[in-house]
Amino acid sequence: MNVPHRTVPAAARTRRGARRATVAALTALCAAVPLGPPPAWAAPTAPSVGPMPVDFSVVVDASASIGEEALAREAEAAALIGQGEISDRSRASVIGFGSAEQEGQQPVREVCPPTVVDAAGRQRISDCARRLTDREGAGLGPGTDFPAALTQALTRLKETSQEGTPKVVFLLTDGRLNVEDSPAYGADPAARKQEGEKRLREVLDRARREQVQIWPLGFGKGIDKQALQQMADGGYRNGCADVPGSRPRPEVVDGAADVDKALQSAFAAARCARVEEGTSSKPPGELTVDIPPIATDGSITVTKRDPRVTATYYDPKGRKVPLQGESDGSRFEVSGQDGPVEALRVKDPLPGTWRVQLSAPPGHRDQPATVRAIWQGVLRSSVTLEPSAPRPGEDVVVRMRLQTRRGVVITDPEQLAGVRAAAQLSGDGFEPVDVPLRDDGEGPDDRAGDVLYGASVKVPESATGALRLTGAIAAPGVVGDRRPYDTRVSSGAALVTAGVTLEGHGVHPGGSVTGKLVARNNDSRPHTLRIGLADQSTAAALRISPATVSVAPGAQEPVPFTVSFGAGAPAGDAGGRITVTDRTDGGREVGAAFLTVTVTPAPTWWDRWWWAVIGGTGLLLALAAVVAIRVWYGGVRGSLQGLVLELRRGGRALDELDVRTPRTKKFWFAVEDPSSDRPGLQFRNKRAARVYRLRRKGDGLRLRGPDGKEQTVSRGAPARLEHDLELAVRGGSRADRDSTGRARTGPGRRPGTAAGSRGTAGLFGGRVGRGGTAASGGVNGRGRRGAPANGTGRPAGASGPGGPGGPGSSGGSGGSGGSGGSGGASGSSGYDSAF
């Protein structure tokens, strides 16, 4: 037995697993419930070029009881379904009605005669439906003459409809039968009412005989719901009989504003289609509506209200689509752009979310627009029989899979909610046998909810020759063509049998999958087998190799083969069947298997190298961080900030200068009055005369004098300057800085106090005593230059009379070089902390 092999990615199987239980229950229910009246099993037909046509008439209450606004909404609804029709072979007419109560009045007014709704016809429907709002010269009375209106519609449908084309009347009204003032119905109101009811029953009987469905739509508060139900029940009721919700029924809405939505919903049910509700927005704005993958024909309708509003359409890929012509396998055709309702008919639309961009000039932006999509799926039922050539009385397995006209396989059971599938086995020597198909994972059905149907049936013992297997489906919004599977019964053991399996699980466009053919030749002569493809997607551009295989007598051997996909293969499950036919035996099919390979887009550069990009980016960021840290640390480490320069002569400190510039690596300074007994240090610009430059080099310091010569400021040894001066440097390391980055001093020591200053009276001028004046040579009374006692590098004060010492220090003596007060704690005894 040939078991079909579905090559579906594991991820996809996981996603679908959650839905299978629901679908299995639904399918089991469908199988348990009879399929109703036997389908009209006609001779198998080739795939239709589009959805089946439907002829319909929109009958609109245009009597005097209808207000201007309500009448405008009715006209829009009539234009909406006329333009939204998805078949270009359908015919539509629009009829307004009222009553004839006096001379010069008429009960009906045909504003749109029967019109084929092709590109030109849809535009005519858009134009003529607006004539409903023109009451001048219409001549309609205020009553509601249902019999006259329905008679006009039935007559037009009978004149123009072809045999087998569904016929539908949509009746819009805000009231009930009212012919009491119409002389044509009798002499008095009571007789007229009775006659009107009689004629309505008669016209409903005619509708049933002529197989015309009647869908009444009422709005307002004066609706006779029972009368509307009688009209729906009185007409033909076997339109899409196998599809729930498709039988005629009355629709009642609160007001005329909801008429278009209700009418479009009724229209979709009547013609076995579906409607997707979209969004609403005032222009300028954007509308969206979804079209499912199962849709093969559809119309995107936009109720604009204002003809000055313009609409631009974008497909799910974000591309602006043409208003006429073809693009990416879809065909487009717009109508009604100059009216209050427009529609874009799309053949083979891309599934997904479509966008409609609205624009309007100022003064035409107060009306909300609404978008909807009416669609239908024309599916092909691909069937197989196992074994391919059964014997009379043998049990066989029937399998069926569904795919769209473009060859896209339907694998999502939610797309086929409520589907009922069946097959019919017919042939020579027996009556056709109907076979309900299941998708519940029981019996020959491999997995529940995979939209791959299966069932077993016994070939009648009386079968003598040709066999034909045909599949059929019934589901809301879905119609199916009938593709036959033809074979013949065998009288004994098959001369050649073949089994086909696939080994691939997915493919990119331009790629290939491999498979294996296992053929057994029970004959005494060699047989040539042909491996081919059937029901495949044309866009996939499939090729199979090798195309032929020779099998020796009595041999059984596996033969590998390859299925190649074109570079333009669309993403999704690619449909088709792999067939094996025996060319030696007249082309009889000896084996088959479904080809369901998931095509995924080729990986982009990012898909292939994202890990390298992310890893490289992380590495670069890490390197950048290291470099930044090194630069920062190098800047801090190489900075001279915090160093203290101390000027000495004969071991005696004369002046100090702090390096306070942040992150500086070079520092320029000068020695003032180097030959005097009171020299000092001053910060200078590097362009000044006779400047020194201090800089770091490695872990040490280099000092360049005014003469350009450079020397090292070594650890523990001050650098020699001119005039017997020396320069010592301290601070600048972490050990010598406090939390603020300033040079630290020893315990109890003022910043700038020289090392070993305790008991060195005479090196510093006296301090100012509390309430006293500066001593001779003190820091605040600069009479002559003395060493500063505050470490700021500012010159000492002038000399003056001594004063009493402050707390903790003795008073300074007068004269130059008077002894200073003691009491300062001893500081650091060295300057090697600069290194």
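The exercises below look at side-chain pairs and helix packing in a predicted model.

Residues are numbered from 1 along each chain as its sequence is written, and side-chain values use heavy atoms, with hydrogens and water left out. Because the model is predicted, local features need pLDDT of at least 70 and side-chain atom pairs count only at pLDDT 80 or more, while totals for chains, interfaces and linings use all residues.

**Exercise 1. Classify the ring pairs of Phe-56 with Phe-170 and with Phe-267.**

Step 1. Rings of Phe, Tyr and Trp (its six-membered ring) pair if their centres lie within 6.5 Å; planes under 30 degrees apart count as stacked, over 60 as edge-to-face and the rest as tilted. A search of the whole structure gives nine aromatic pairs.

Step 2. For Phe-56 and Phe-170, the ring centres are 6.4 Å apart and the planes stand at 75°, so this pair is edge-to-face. Phe-56 belongs to strand β2 (residues 55-61) and Phe-170 to strand β5 (residues 167-173), so the pair ties together parts 114 residues apart in sequence. Helices (H or I, at least four residues) and strands (E, at least two) are DSSP runs, numbered from the N terminus.

Step 3. For Phe-56 and Phe-267, the centres are 5.0 Å apart and the planes are at 65°, so this pair is edge-to-face. It links distant parts of the chain, with Phe-56 in strand β2 and Phe-267 in helix α7 (residues 259-270), 211 residues apart.

Step 4. Buried means under 20% relative accessible area, exposed over 50%, and partly exposed in between (1.4 Å probe, protein chains only). Phe-56 and Phe-170 are both buried, and Phe-267 is buried as well.

**Exercise 2. Describe the salt bridges of Arg-372, Arg-345 and Glu-710, and the exposure of residues in them.**

Step 1. Side chains of opposite charge can pair when their charged atoms come close. A salt bridge is a side-chain nitrogen of Lys or Arg within 4 Å of a carboxyl oxygen of Asp or Glu. The whole structure has 43 salt bridges.

Step 2. In the bridge between Arg-372 and Asp-260, the closest N and O atoms are 3.7 Å apart. Arg-372 is in strand β16 (residues 369-386) and Asp-260 in helix α7, so the bridge ties together parts 112 residues apart in sequence. Arg-372 counts as buried at 5% relative accessibility, and Asp-260 is buried at 6%.

Step 3. Arg-345 and Glu-333 meet in a salt bridge at 3.4 Å, N to O. Arg-345 lies in strand β14 (residues 341-347) and Glu-333 in strand β13 (residues 330-335), twelve residues apart in sequence. Arg-345 is buried, with a relative accessible area of 8%.

Step 4. Glu-710 bridges to Arg-695, with the closest N and O atoms 3.2 Å apart. Glu-710 is partly exposed at 29% relative accessible area, whereas Arg-695 counts as buried at 18%.

**Exercise 3. How are the axes of helix α2 and helix α3 arranged?**

Step 1. Axes are lines fitted to C-alpha atoms, for helices over the stretch in contact, and angles run from 0 to 180 degrees between N-to-C directions. The axes of α2 (residues 68-84) and α3 (residues 119-129) come within 9 Å and cross at roughly 175°.

Step 2. Angles under 35 degrees count as roughly parallel, over 145 as roughly antiparallel, 65 to 115 as roughly perpendicular and the rest as oblique. Helix α2 is therefore roughly antiparallel to α3.

Step 3. Contact means heavy atoms within 4.5 Å. The α2 residues in contact include Ala-75, Ala-78 and Gly-82, and those of α3 include Arg-122 and Ile-125.
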